[in-house]
Each structure stands twice: as C-alpha cells, then as structure tokens.
6 protein chains.
Amino acid sequence: MKKIAIYPGSFDPVTNGHLDIVERGLKIFDKIIVAILHNPGKKGLFTIAERVQMLESALKKFSNVEIDTFNGLTVEYAKKRKAQGILRGLRAMSDFEYEFQMALMNRKLNREVQTVFLMTGLRWIYTSSSIIKEAAQFGGNINGMVPPLVQQKIKKKFGKKSTLAKQKPT
Amino acid sequence: MKKIAIYPGSFDPVTNGHLDIVERGLKIFDKIIVAILHNPGKKGLFTIAERVQMLESALKKFSNVEIDTFNGLTVEYAKKRKAQGILRGLRAMSDFEYEFQMALMNRKLNREVQTVFLMTGLRWIYTSSSIIKEAAQFGGNINGMVPPLVQQKIKKKFGKKSTLAKQKPT
Amino acid sequence: MKKIAIYPGSFDPVTNGHLDIVERGLKIFDKIIVAILHNPGKKGLFTIAERVQMLESALKKFSNVEIDTFNGLTVEYAKKRKAQGILRGLRAMSDFEYEFQMALMNRKLNREVQTVFLMTGLRWIYTSSSIIKEAAQFGGNINGMVPPLVQQKIKKKFGKKSTLAKQKPT
Amino acid sequence: MKKIAIYPGSFDPVTNGHLDIVERGLKIFDKIIVAILHNPGKKGLFTIAERVQMLESALKKFSNVEIDTFNGLTVEYAKKRKAQGILRGLRAMSDFEYEFQMALMNRKLNREVQTVFLMTGLRWIYTSSSIIKEAAQFGGNINGMVPPLVQQKIKKKFGKKSTLAKQKPT
Amino acid sequence: MKKIAIYPGSFDPVTNGHLDIVERGLKIFDKIIVAILHNPGKKGLFTIAERVQMLESALKKFSNVEIDTFNGLTVEYAKKRKAQGILRGLRAMSDFEYEFQMALMNRKLNREVQTVFLMTGLRWIYTSSSIIKEAAQFGGNINGMVPPLVQQKIKKKFGKKSTLAKQKPT
Amino acid sequence: MKKIAIYPGSFDPVTNGHLDIVERGLKIFDKIIVAILHNPGKKGLFTIAERVQMLESALKKFSNVEIDTFNGLTVEYAKKRKAQGILRGLRAMSDFEYEFQMALMNRKLNREVQTVFLMTGLRWIYTSSSIIKEAAQFGGNINGMVPPLVQQKIKKKFGKKSTLAKQKPT
C-alpha cells in the first residue's frame, strides 16, 4: 500500500527548514501532501494563494509532493486524503511541548492516523517563519534561510521600510 | 482546624480535568472553593454566570465544594476566604514554568498561603479548555472530555458553523 | 520500494509501551526490525537470549516484524539492514533531549537514515523498563504493563525477595 | 581594548532584576549600554521617555553605564556601538528557549557579536516587568522589586483602580 | 479526619530545604511522617541511624512530626501508615520530570494516595544533599544550608581532607 | 583592569566545541585559563597529562590562553587566579539545568565571581566528549569534531577494537 503523509502548517511563508522536512519525509513516505491550514480568523503576511505559489515554486522538482489547503480538523483532513501519517518537524523543546499536546488530541479524535516527527536539520533550527519575518522587517539578511522566490517576495512586502534606528530621544 | 483550599482559574468552560483535580484535592482538604477569576479585560467564550452554572451542575454532588468568583490578587482572595492552600493542577512542563513563577510571586505577596500542586490524571493531560474549544469549533468530538452540560452548551455556541474544508484554491 | 525501520533498544525486558510503538510503526513502515543492542560492558536483568525469546513471544502475531541483535553503531546496523528509518518512541521531555542529541549524532555519521519519532500511547507514558523492574522488585503489581510472558519471568527473577519493610531501627 | 556590551530590552519598567544584571555585567565589561528597544507597533505601560528617565535615575551612580534607545536589528545596533557583547539575563527554562533562538539568529546575522548570558540573582528570579505590573494593577505590594522612582510611577499609573473583588454573582 | 502525609526521601543528610518543606507541609497536613527510604543496595554518606538522629534533632520542636524508616514500595508504606498524601518538594525542571514519572507510577500502584507537591523556598533552590556534600568535601562553607548538627557531622566526615589544588602538572 | 576568566572542565578529551567557546570567550575576556578539574575519584579515558598535551596543541596559537589543572572548589580556584568570570558553554536544555544549579552554588560560595554563559556554535551542539568517545569506540567517523591530535590519540586508544556486530543469536 502506498504510504501517504500530510504535512500541515501555515507556511507563511515556506522556509528552507520546511523544505528540509519534506525531503526527509520523502525517504519514509511515498507521497507527501503539504497542506496549508486556512484559518479565516488569523491574517497572515501572505495570502493563501501567495503561499501556494511559493510552495509550488520550491517543491516543483518533486513529483510525489502535492500542495493543498484545508480548514477544520487536521485528522479529518488526513482521513479524507487517506493519509497514514501527519508529518511534523521538531526543532526545540518548546516545539515538543506543543506538538505533544496536539498529537495527543489528534489521536483522541482519530486513532487511525499517526503523528510522525522528524528532526529539522541543524542548520534550520532557528528558522521559524516568524523569526525570519521579524529579521527581514528590520533589514536583516535572510539569505539562505528561505527559497529564492520567497526572499524576493518578502523583500517586496517590507520594501524600503527597514531603515535603522535614529537613536536616543534627546 | 478545617483545611480549606481555593482552586482559582478561568474555567471557560470547566473540563473533566478540572473535576479530576477537585476530587483529588478533596482527599487532602476539608473544603475546596472553586474560584472563577473575573478578568474584565479578557472576554471569554462563556459569561461568568454561564461558567458558574456549569461548575455548579458538575460539582453539585460534593457538599464541601463551593463555587465563587473573584477579581484582584489571588493571595488576597485566599486570605479573605481563610484558605491555607491554593490548589493547582500540573499537566506538563510548560504548565510547570508558569505555575512556578506565579507561586513564587504569590508567596512573596503573602507568605501564609501555600501553593499545592496535584497531578492531573493521565487521561486529562491534553484536555485544556482552549484545546477543547479549538477542537469543538471545527466539529471534533469532545465526548468524555467535559461534563454533559458543558458539551451541550459548547455545541450550542458553535452551532452549525463547523463544516469541513472545501479544499484547494484551484 | 519496501519501507524498513529498525527499532533499536535494550528491551530488558520488552514492555507494553514498546509493543505500542511497534504497532504504530507498522502503519508507516512495511517492515520493522526490533534490534536489541548488545552492550558487553553492561549487564542487564535478562540475558540477550531471554530478551529475544520474550520479544518473539510478544510479537509473533506480526509477520512483518523481525527480532535481531546488534552491537556497534546504530547507523551502521541500519545501513546494513537497508533500513530508511530508525524508529524511536517519545514519552517525555527528558526523553526528547537525549533522543535529539543521539539523532543529531547519527545523522552526522550517516545522512541516509532518518530518525522517526512516534509518540508512545498515553497509557504507557510511565512504563519504562527500569521503573517497572524497580516496582516489581518490591512486590508492586505490574499487571497490564508488560506482556504475560514477561510478567511471569520477572516474577521468577525477583521470587520471594519482595517482602515489605520491617520499619524503624529501634 | 575597552570591552563594551549592549543590554537590550523593553524595560517597561526597569526592575531590580535588571539592575542586578547591570551590576554583574560591569564586573565583566568596561562599559554597558542599556538599550531600550523602541517597537512602534507595541504600546507599553510607560512611554520611551519615561523608561529612559527611570533607568537614568536608577543607574546614575554608575559612570560607565549609558542609557540609549534603538529600533531595528539588535546586532546592527551592537555593531554601530562597537560592542563585543549582547548582555542577557537568564532566569528560567522558558527564558532559555527564547534566548537561545534569538542568539542563534543574531549570530547568523552578525558573527562578530557574542551573546553573553549572566544569571539573575535568586531574589529576582520571579520579577519580570509583566508579572510586577500584573501584581501592582490589583494592589499587590511590589516593595523591593523595583527601584523607588519606578514604584512611585507605577502607583500613579494604577491609582485607586485596584479595589478588590465584590464576590459571587448571586 | 486527621490528614496525614508521608515525606519520603534518603535524607543523607537532611538539609534546610527539607525542613522548609516540612514546615510548609504542616500548614496543610495535621501530621507528617518523615520516612527515610532504606535502600540496602545503595551506601550513603551517613548510616540510617545517623540520618534518623539528625532528623530528630532538627525536627524535635514539632510535636506532629514523626521520623521513620521504610523499604519497599512508597505507596504500600503510605497505605500502612494511613496517609492520604505523599509530600514532595519541587525545586527545578529536572525534579519535575522525575517526580512526574514517579507520581504516575505510584498512582497506578495505589489510586488512594495523592502525591502533593509544594515548592521549596527560593533560598533552598540549590541545596540538594548531593551538591552540599560535594561542596563540603572540598572545604566549601555550607553555613546556613543545613541544620547545626548536620554541619558538625559533615565536618567530622570530611575532616582535614579538603586541602586545595596544588596546580599544574608542569 | 585585565579581564580574566577560567574555563573549567574535564576536557577528556577537548573537542572542537570547547575550542569554539574559547575563541568566543576571547572576544570578551583578555585572558582565558582553561582549567582541567582533577578529580582523583573518577578515572577518565585520558590521563591529566595527556589532556594537557592535547589542549596545548590545540590552543598554542592563542598567546592569551593558559592551560592549568586544579582540584577543590572552582570558585576558590577562580579567586586564587584573580578571575572575574567562570566561563561555561551552553548547548541544550539539560546543560542549562545543571549549569544553573552549579552557578547558584558557586555564587553562594563566592559572590565576587560571575558565571558567564556563551552559546556553543550550532555545529558543535551534539559534540560532547562522552558522545564522541561512544561513537569512536564503535568505529564511527569523528572527523571534524575534535582537533587532529585528539583524533589521532582516540584512534590509538580504541585501536582495532571497533569491529561491527556479528548479528542475531541463532
């Protein structure tokens, strides 16, 4: 039987750390569905369509990867897509706590789907989407942390905004 | 002397994990006052009156449990109610950090009241109010995680909203 | 391609928590090799042969599980067995720290093999081999924590030793 | 060469724990620049000018301490000020996780500046700015947790607001 | 009904941190039984008789404290002594992990006894028996960390051994 | 005044992670004394003289680094050497717990010396002396984890011992 995993997340935007998890996951699973959680109550930096575009650009070389979006329960989505696994990357202790609780809840909701944790490569251990956005916003160099298209689009978003401090209020 | 504990929290809504802590606490204390912290600046899913009603329904079988509400400092409230203990349930590491800091602050503010930690039963380790609300919102089955009245009221709140995802944006 | 994982450990003895991980792993992998690490410098409660026997008894119902022993580097063994994954169960924070460091080292030694973490079922969160042995040694009831054959063999090991305390010295 | 560290933070307001870190840091560095991060998107309890005033009052006894404000990237600011170190106080595990990630990001952005961690004195382990504000807001006694001027200003901010709970809604 | 707790440990030797937990515990429980776990397989610095003597000296002022020794399962001992609680002090994260696992195991073995955690006073957060012994062994001043009789006895044990380093082996 | 730090440890043997901390530390301190703790009760893989030799070989390029050995209390040694700081590298959460407790104890013993934490470079996060020895013992490639002389000496220690597993007992 073909082994399928969904890889859920907000991917706002996709980072090289996410791509690393997809590549590792493909050594275990026959197919990975990268699934953007569409949460109407939470506005991101990029629209869902932009996120899909950036993921498609970064992952087009893999024939067994599909980009999708979903809302509602992750386990319901996994079931609908006939996935055996929910793929998650672990980077640090704080990740672990949250992931642990989500995995327990998901198992309670649907006992058929397993949460599978892979470890993010050491080089990506600090590259969360939010910390990258924070750095980029102030003009930090995010070279090598995100795929080229993402870097380009982030630059456009923050534009010329990122001038440095003027210093001390008299 | 009668041993009294307050059990403070937002109880928005009460879960079976909370009830588990009350039952365990009653083996140590002669009386437990479940005290809803009324924080005017933070809007919950349920009104204070609704939370009181759900707690009263779930705890009516215990003659030595009282439901109350308070605002202001927890230690001041404990003192006013002549409680020797502040009861708290521990579920995970992240709980521990926060609880530890609060307990140190409370001790600094009033040295007479002890924070007493009990461990939540294993079955309730993932049932925080917020994760239950998140699951329920998307139509997840929260059977056995909350008392019957709470389940009923949650269903009413989220109503027919919880339809599942429509999928991929083209 | 057939997906294979090794599941390394000392299994001294196998617990129901281990069996839980094997069952979950079989939903992801086509074959699992349970591999007893043979460390000559460290004497266990059971001999390697006894551990193999207990594992075989507990896992005979699965046609796609093999019991094996190895020494040396885990990644070398994985490579030799043509495994894509090293399966590990996570129970708690302290597990995570150690597993994280081992996984990083293993990746450094061989980039082809992925460490795959699954979460141990909630019921098995406290059932490490060592804590079970400690309880059994003092006559604690380990019913439902280990497979029947293991329970029988543990009883034989500790025999009539486990009498309770005589109390206070004078 | 003169050793300089910046000590960045929001200092909203400065606490005795912050002062403790400055004093410890002066045993290692020849000069410390206490640098208030000016984040226009986040409104604090005190204005930047008020924070500067409170820091100046509390630190005037040290000739080798400078108060400053900045926005943008911390490492860029450090470089501009010719600092070798970014000084940070550690209090607890949760601090550590966040500080670790920030330090990794900062190192990636500028390899010349070292993040230097000192341990906050035991007495200040629970005195974060936010927990002090929370206590003060409800009339808690924050004596000995902040410098005199800060205590005075906090009292003024919260004024007569902090009356205690009226109790149970019927 | 009288509320009784056992406070198990090795107390090799008792520290001021232990005494702090006993004092706090007496605000919750009517009687505390300090119970030295007698583990024949593990040789301590002090004999069981010495530990009892030091505990008796340090706790003689409390009429509702009893010193005892036990071996075997803690929960069996608690049951035999008709205790409702097993008292434990929490100091740090690493304590928490271990205590959590022990408490889960104990609950599995006997559901009637609750593990009750109190927080060690801030001043005692670093005073484990083992770290105190390590310091004392090298001539460190352990004044104020242990009761007077313990300090005297430790000094006698380590005698004149604690001379400082001679330096570099050429 | 010249700023001096001692960098205590067992260095059995020195790793590239240690060297990384020394290099970082030299950006803060004018002189670093790498101090091998000589614990007569604990036999290492290498003798103290061998450890000194490997450290001297790896650090000879730095004129402001001294290699030394000591026994007894770290703070006493720091005082004797007129050091303002005790330098320590942090790699992970579990490091933090232990380092935190040691730093508190050291401060209690001598308030004049500050423990200064630097973060080990990401590439060295998994290279503890013990995990490297474990890998090398079984023939793992430790290239790039230790200085050349150390690699050579480790190879000699473990010699041809590291043959791989023979496999399954029958």
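The structure is a predicted model.

## The contact between chain C and chain A

Chain C contributes 31 residues to the contact, and chain A likewise contributes 31 residues. Between them, an area of about 2,900 Å² is buried, and carbon and sulfur atoms give 65% of that area. The interface of chain C and chain A holds 6 residue pairs in polar contact, counted where both residues have pLDDT 80 or more. The count of salt bridges between chain C and chain A is 0.

## The side contributed by chain C

On the side of chain C that touches chain A, the elements giving two or more residues are β4 (85-90), α4 (93-109) and β5 (114-119) of chain C. Helix α4(C) provides the largest share of this side, with 7 residues. By residue type, the side of chain C that touches chain A comprises 16 nonpolar, 6 polar and 9 charged residues.

## Strand pairing across the interface

Strand β5 (residues 114-119) of chain A pairs with β5(C). The two strands run in the antiparallel sense, and the pairing extends over 3 bridges. Within this pairing, A:F117 has C:F117 in β5(C) as its bridge partner.

## Local backbone features

A cis peptide bond leads from C:D12 to C:P13, with omega near 5°. C:P13 is located in the loop between β1 (4-9) and α1 (16-25) of chain C. In chain D, the peptide bond joining D:D12 and D:P13 is cis, and omega is about 5°. D:P13 has its place in the loop between β1 (4-9) and α1 (16-25) of chain D.

A further backbone feature occurs in chain B. B:K82 is not a glycine, yet B:K82 has a positive phi of about 55°. This residue, B:K82, sits in the loop between α3 (74-80) and β4 (85-90) of chain B.

Conventions: Residues numbered from 1 in each chain as written. Chains lettered and ligands numbered in written order. Predicted model: local features only at pLDDT ≥ 70, side-chain atom pairs only at ≥ 80, totals over all residues. Heavy atoms only, no water. Contact = heavy atoms within 4.5 Å. Buried area = accessible area lost by both parts, 1.4 Å probe. Salt bridge = Lys/Arg side-chain N within 4 Å of Asp/Glu carboxyl O. Polar contact = N/O pair within 3.5 Å; in protein donor to acceptor, adjacent residues only side chain to side chain. Helix = DSSP H or I, 4+ residues; strand = E, 2+ residues; numbered from the N terminus. Nonpolar A, V, L, I, M, F, W, Y, C, P; charged D, E, K, R; others polar. Pairing = 2+ DSSP bridges.
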